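Colleague: I would like to understand how the words used for a protein model follow from its numbers. Could you take me through them slowly?

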Amino acid sequence: MSNQYVEQINGAYRVAGSRVSLDSIVYGFWNGESPETIAQSFPTLTLKQVYGAITFYLEHEAEIDEYISQGEIEFEKLRDKARQSDPMFYQKLANARKNMKTPAL
């Protein structure tokens with residue numbers, strides 16, 4: 001039986017034997033969700049895998065925090081690039097969101 005709960009594939013951290021990102025587990029942990037609640041959000045994972053992923057995170061907290069931070073920076077760059085490439089689409093999207101929040105009279 002393996003005690004490896006997290007693996008790194010192509011630069012991305014995943015719960016071993018799954019496609020679930022470690023980020024997903026960590027965000028739930030940061031939001032105060034219990035391991036049981038996190039496990040319910042990912043039916044392909046066992047509770048043991050969730051606890052193992054959290055343990056891995058806590059043992060490598062600085063490294064994983066930096067990894068997540070870099071991922072968020074990269075995501076923002078890609079989002080900005082997409083907004084610049086099609087500003088009309090994003091304006092329509094913003095208008096649609098605004099209209100959804102405004103109650104009809």
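Predicted model: local features only at pLDDT ≥ 70, side-chain atom pairs only at ≥ 80, totals over all residues.

Colleague: Why are helices H1 and H3 called roughly perpendicular?

Modeller: Two packed helices are described by the angle between their axes and the distance between the axes. For H1 (residues 22–30) and H3 (residues 47–59), the axes come within 10 Å and cross at roughly 85°. Angles of 65 to 115 degrees count as roughly perpendicular, and the pair is therefore given that name.

Modeller: On the H1 side, the contact is made by Leu22, Ile25, Val26, Phe29 and Trp30, while H3 brings Val50, Ala53, Ile54, Phe56, Tyr57 and Leu58.

Colleague: How many residues of each class are there in the contact of H1 with H3?

Modeller: Sorted by class, that contact has 11 nonpolar residues, with no polar and no charged ones.

Colleague: How do you know whether Ala12 is buried or exposed?

Modeller: Ala12 has a relative accessible area of 16%, and buried means under 20%, so Ala12 counts as buried. This residue lies in strand S2 (residues 12–15), and, leaving aside residues up to four places away in sequence, Ala12 touches Glu7 and Tyr67. The C-alpha atoms of Ala12 and Asp23 are separated by 9.3 Å, with the two residues 11 apart along the chain.

Colleague: And why does Asn10 count as exposed?

Modeller: The relative accessibility of Asn10 is 82%, and exposed means over 50%, so Asn10 is placed in the exposed class. Asn10 sits in the loop between strand S1 (6–9) and S2.

Colleague: What is the value of phi in Asn10?

Modeller: Phi of Asn10 is near 50°, which is a positive value in a residue other than glycine. Most residues other than glycine have a negative phi.

Terms used
Residues numbered from 1 in each chain as written. Heavy atoms only, no water. Axes fitted to C-alpha atoms, helices over the stretch in contact; angles between N-to-C directions. Helix = DSSP H or I, 4+ residues; strand = E, 2+ residues; numbered from the N terminus. Parallel < 35°, antiparallel > 145°, perpendicular 65-115°, else oblique. Contact = heavy atoms within 4.5 Å. Nonpolar A, V, L, I, M, F, W, Y, C, P; charged D, E, K, R; others polar. Buried < 20%, exposed > 50% of the residue type's maximum accessible area, 1.4 Å probe, protein only.
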